Amino acid sequence: MMKRFLTLLVALMLAGPVLAQNGPLRLTITDGVIEPITFAVPSFEAETAAAQQVASDISRLVVQDLAGTGLFREVPATAFISQVSSFAQPVAFADWRAINSQALVVGAVTVNGDQLAVKFRLYDVFSGQELGQGLQFAGTTAGWRRMGHKVADAVYSRITGEGGYFDSRVVFVSESGPKDNRQKRLGIMDFDGANVQFLTDSSSIVLAPRFSPNGDRVLYTSFESGFPRINVINVATVGRQQLQTAPGEMAFSPRFSRDGAQVIYSLSNGGNTDIYRTNLGTGQHVRLTSAPSIETAPSLSPDGSQIVFESDRSGNQQLYVMSANGGEARRISFGEGRYGTPVWSPRGDLVAFTKQNAGRFHIGVMRLDGSEERLLTSSFLDEGPTWSPNGRVIMFSRETQGAGGTSSMYSVDISGRNLKAVPVQGGASDPSWGPLQP
Amino acid sequence: MATPGTIISGIGHVGLIGWLIVGWGLTSEPLQIQTMDVSVISGEEFEQMRARTTPEPGTAEPTAPVPPIVDEAPPPPPAEEDPPQVASPPEPVEPPVEEAPPPEAPPALPETEVTVAPPVEPAPPVAPPPTPDVEVSETPTPPQAPTVASTISEPPAPDARVDDIVREEVVPDDSADAEVIAEEQEATAPEETTTAIVIEDLAPSTSVRPSTRPSRPTPPEPTQTAQQDTPTTTTEPQANEEDVSAALEAALGAADAPAIAAGPPMTGAERDSFRVSVNRCWNVDPGSVAARVTVEVGFSLDRSGRVEGNEVQLLSSDGDQSATNTAFEAARRAILRCQSGGYQLPADKYDQWRDVVITFDPSGMRLR
């Protein structure tokens, strides 16, 4: 008996070390590749005869949205081995793996009268699993583009882990006419340049429109009275309201606070420009800076606790950060050239800005301590960055050189990749990206 | 005048001088012999030898060219063939590896997720039954630990013989049938196995063990006794002993499997090769939040180098939930996408790479 226990003991002692030495193979990988994720979107199934065209259109829009990010690459339909003729049809993953499609989007569209319903499913081809669950959107046929954007947003979000930005709108200044007599009015469009509508006419100059946090209103600077004044316009009703200022004062560069109840802006009086905050409900003003220099272009942090702005208090135009209630400011930009129009990222980790140096303009980003500055663009004139709702893309104005130069809007990924023009009829500048629509 | 001694001396000297002269010439002969060896090789043979030897550099040394050199030396035929056999490793033979067949995959998808939302609102996914969907090709699944363990079983352990004995004990355990056998073995068998291992292990610790020594030689018997031994013990009255023996077997069995598993360690090149093959499928989006998250994932490979069940598990992460999920998905995609027909890994070291843990650290790829 004793022997057996001893044997057991010894056996266990022997087994221990052996087991220990047989651990898993451990590797560390630090270098990957940077390339678009391949995906396939077979044309959505039309579950009713009337849905044929819309199904095809929505499918193409989803592809366009995803491929337009630069993060995805479509596997063309000509490469498909198997076709998806039914939404409920089992997926032959091997066929999609064979054409190296990493993601597969399958959808179906139903049209009854003017009612439209779109449903889809997203599959991770190589794991043979569905990513998330199927979703269905319902609306009217007139809103088919929004439905397509919604599907693309969901796909984007599930694969990247970040919020989408396709079902969002941009307010901008639409420009027409020669450079010396340019007509400007407020326009609003889908993020991809579609569905342009105008909020004002061209009777007076308008500048720097800014969306409210929930997208229901727009702030902008108007020269209707001959002096710059800040107006608030309701997007749905196009009703306007003007921010009251004293005679002789010039107000400009406004932005909403995070709750949409207040406005921070620059007010110029007697040759001095400072930053103010006004409550839209009560009209109460609070002065946030009091330096003899020019302080302007304020932008609130996502949590509303801080403001980044530009100032020439150091003798050169630089970026500063201060409390949302004013007070001491710290400089965050120290590079060569001049920095302006800072905008705090929705993620809160970066500030986008316009930089002028050596005769060129750049759109760039930096961290809040001024580190890791990266210039994303360079041209004769790039300015006025605005963030996509997910903080992934920056849209800005670019003007070409010369008397015949025109303004247009561009977007660029924060990695500096995927720089492309936003297709809009005529000239366009001063974009402000609104939130994702509900 | 010339005394006889002088004459003898003169003759002796003359003889000595003559011998010296002649002797030097004779001594040179051996030198000639040495040169002879070199020159003896015929031109043809030399050419043949050159012809044979020239190809050598390309491949391994084992090849044939040797014979001519010695001329008379016996032709070395058989020995040459041996090396190639040794070099035979390439055969490893990984049979199946195909995966194509299972295309149709998932059963029926319940239409489910039909939440009707007001225009534009993403309806919450009503769909309850997420049908599993395609369980892609599951490859062979042949290797089973127990059998392998019993056969190979040569962990780097020092005492080979002793180990063998122990193992055999383990294997047969399963068959409790053998109970029939006599009781004697109970005593002897355990002693064998135990003595072999126990004694050696305990020996260093407790020096005074001579008394038990004698019992050791008695059981030179083969493994069978050992095997039967266990059952006999079981038959014994006390249930405790059964438990003990079961635990023992389990312990030894467990030790056995991994021991076999150990095998030769993977070389740096083999590890690098594996790493690179996953690298090229790890797609990092440097602008994403997930690019700031390091994840550690684990999975098992079958003998063909494919991920078993396509299952990859998240072991740890240093990011928030959302970023972690994205980083994990990217890691999983990399592992599954690049396995194609199976990762190329040394078959004889299967137990070294059967279980894998990979840390995906994108810190070097973040935007700067």
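This is a predicted model: local features need pLDDT of at least 70, side-chain atom pairs count only at pLDDT 80 or more; totals for chains, interfaces and linings use all residues.

Student: What makes E18 and E19 of chain A a pair?

Tutor: Three bridges join strand E18 (residues 272–279) to E19(A). The cut-off is at least two bridges, so they pair. The two strands run antiparallel, and Thr278(A) stands opposite His285(A) in E19(A).

Student: Which strands does the open sheet hold, and in what order?

Tutor: Four strands of chain A, ordered E16-E17-E18-E19, with antiparallel pairing.

Student: Why are E16 and E19 of chain A said to stand at the edges?

Tutor: Strand E16 (250–256) and strand E19 (285–287) each have a single partner strand, so one side of each lacks a neighbour in the sheet. From one strand to the next, the twist averages 30°.

Student: Is Asp430(A) buried or exposed, and how do you know?

Tutor: Asp430(A) has 25 other C-beta atoms within 10 Å. Buried takes 20 or more, so Asp430(A) is buried. Asp430(A) lies in strand E32 (residues 427–436) of chain A, and its phi is near 50°, a positive value in a residue other than glycine.

Student: Why is Ser340(B) called partly exposed?

Tutor: Ser340(B) has 14 C-beta neighbours inside 10 Å. Exposed means 12 or fewer and buried means 20 or more, so Ser340(B) falls in between.

Student: What makes the phi of Ser340(B) worth a remark?

Tutor: Most residues other than glycine have a negative phi. Ser340(B) is not a glycine, yet its phi is positive, about 30°. Ser340(B) sits in the loop between helix H10 (321–339) and helix H11 (350–353) of chain B.

Definitions and conventions: Residues are numbered from 1 along each chain as its sequence is written. Chains are lettered from A and ligands numbered from 1 in the order in which they are written. Axes are lines fitted to C-alpha atoms, for helices over the stretch in contact, and angles run from 0 to 180 degrees between N-to-C directions.
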